[in-house]
Amino acid sequence: MIPAPFEYARAGSAAEAISLIGQHGDDAKFLAGGHSLLPLMKLRLAQPTVLVDIGRVQDLSYIRDAGDHIAIGALTRHRDVETSAILAEHAPLLKHAASYVGDPQVRHRGTIGGSIAHADPASDLPATTLALGATYVAQGPNGTREIAAADFYRGFLESALNPDELLTEIRVPKMQGAGWSFQKFNRRAQDWAIVGVAAWRRNGDSGVALVNMGSTPILASSVSSALAQGGSIADAAAQAAAEAEPQNDLNASSEYRVHLAKVLVRRALEEAS
Ligand SMILES: Cc1cc2nc3c(=O)[nH]c(=O)nc-3n(C[C@H](O)[C@H](O)[C@H](O)COP(=O)(O)OP(=O)(O)OC[C@H]3O[C@@H](n4cnc5c(N)ncnc54)[C@H](O)[C@@H]3O)c2cc1C
């Protein structure tokens, strides 16, 4: 449980962090809250030779009303998302989902940007921001670009971010009167989801995404299509796993995960109606 040796550099700004990563090449990694990276390093599943600590870049910790969307700095802690009055008003699904991340200690250290950049399909906020149609902002040596959440998740712990790019902001469209629900099925409170569902509905529109139902967070487009075509909640929930490729692991077989997804999507759609 002791990490391989590494060098440590602390960045005071986003620009300095990108410059430091650029100096040290592909073996360097950003360190935000450390609550996903450090466990991997202790197991030696990750062995970066340099850590660029961005945990004190205060400029990237904010939640702002930006007109048609809410802008959230990547270094914003889960606890600040969970307690945000702005999110309570305009994106209550995200605020609520953040309250399900780990325990208070995890939520006080972990960051929304770290959770999204880590791209763990079992994490709660990647799927939730995917359901909400969020846009992520990345800054690299050649400037800034926007990446739709739907294009971001490429594989297990793999994202569209280049190694020298810093995720700086998450833009979440305002929900404007939509019904919403977050369902998380786990065996013990504070565990990762065996399966989770983030969903919202407004008139004929909806967004549904699944936690831990494949190698990436999954957008359950077939559920939304069924609803848009006038299908019942039962019809839509039957499509819950159409885009999923659930894995077998110690907690659940793939068949059990499919069953859970259908049950949880039905509950989520009922609650969001
Ligand atoms: C005991 C425990 C329980 C947990 N339970 C849950 C849970 O129930 N649900 C859940 O969703 N999560 C859970 N987590 C994970 C937690 O949410 C982490 O905080 C989060 O996944 C990673 O955020 P971080 O800031 O700690 O990132 P770090 O661990 O610092 O970084 C993770 C990865 O992202 C990269 N990175 C970080 N920030 C950026 C950035 N701005 N730009 C580019 N790359 C970046 C790092 O280089 C690293 O590769 C748990 C963690 C622990 C330790």
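User: In this predicted model, which residue has its backbone oxygen 3.1 Å from a polar atom of the side chain of Thr76?

Analyst: Thr76 sits in the loop between β5 (69-73) and α3, and its relative accessible area is 1%. Leaving aside neighbours within four places in sequence, the residues in contact with Thr76 include Leu60, Ser61, Tyr62 and Ile63. The backbone oxygen that lies 3.1 Å from the polar side-chain atom of Thr76 belongs to Tyr62.

User: How is Asp80 classed by its relative accessible area, and how far apart in space are Asp80 and Arg107, C-alpha to C-alpha?

Analyst: Asp80 is found in helix α3 (residues 78-82), where a relative accessible area of 35% makes Asp80 partly exposed. Asp80 and Arg107 are 27 residues apart in sequence, while their C-alpha to C-alpha distance in space is 8.4 Å.

User: Which residue has a polar backbone atom 2.7 Å from an oxygen atom of the ligand?

Analyst: Among the 31 residues around the ligand, those that come nearest are Phe30, Gly34, His35, Leu37 and Thr111. A polar backbone atom of His35 is 2.8 Å from an oxygen atom of the ligand, and for a backbone N or O atom of Ser115 the distance to a ligand oxygen is 3.4 Å. The residue with the value of 2.7 Å is Leu37.

User: What percentage of the area that the ligand exposes when taken alone does the protein bury?

Analyst: Taken alone, the ligand exposes 970 Å². Of that area, the protein buries 91%.

User: Which element gives the largest share of the shell around the ligand?

Analyst: By class, the shell holds 14 nonpolar, 12 polar and 5 charged residues. The elements that give two or more residues to the shell are β2 (28-31), α7 (112-118) and β10 (166-173). The largest share, 4 residues, comes from α7.

User: Why do the buried residues of α10 lie on the same side of the helix?

Analyst: In helix α10 (residues 221-228), the buried residues are Val223, Ser224, Ala226 and Leu227. They lie on the same side of α10 because the arc they cover around the axis is only 160°.

User: Which residue with a positive phi follows α10?

Analyst: The cover over the buried residues of α10 includes β12 (195-202), β13 (205-211), α11 (233-238) and α12 (254-272). After α10 comes a residue whose phi is positive, near 90°, and this residue is Gly230.

Definitions and conventions
Residues are numbered from 1 along each chain as its sequence is written. This is a predicted model: local features need pLDDT of at least 70, side-chain atom pairs count only at pLDDT 80 or more; totals for chains, interfaces and linings use all residues. Side-chain values use heavy atoms; hydrogens and water are left out. Buried means under 20% relative accessible area, exposed over 50%, partly exposed in between (1.4 Å probe, protein chains only). The arc is that of the directions from the helix axis to the C-beta atoms. Contact means heavy atoms within 4.5 Å. A residue is near a molecule or strand if one of its heavy atoms lies within 4 Å of it. A polar contact is a pair of N or O atoms within 3.5 Å; within protein, one must be able to donate a hydrogen and the other to accept it, and residues adjacent in sequence count only if both atoms are side-chain atoms. Accessible areas come from the Shrake-Rupley method with a 1.4 Å probe; for residues, only the protein chains shown count as cover. Ala, Val, Leu, Ile, Met, Phe, Trp, Tyr, Cys and Pro count as nonpolar, Asp, Glu, Lys and Arg as charged, and the others, Gly among them, as polar.
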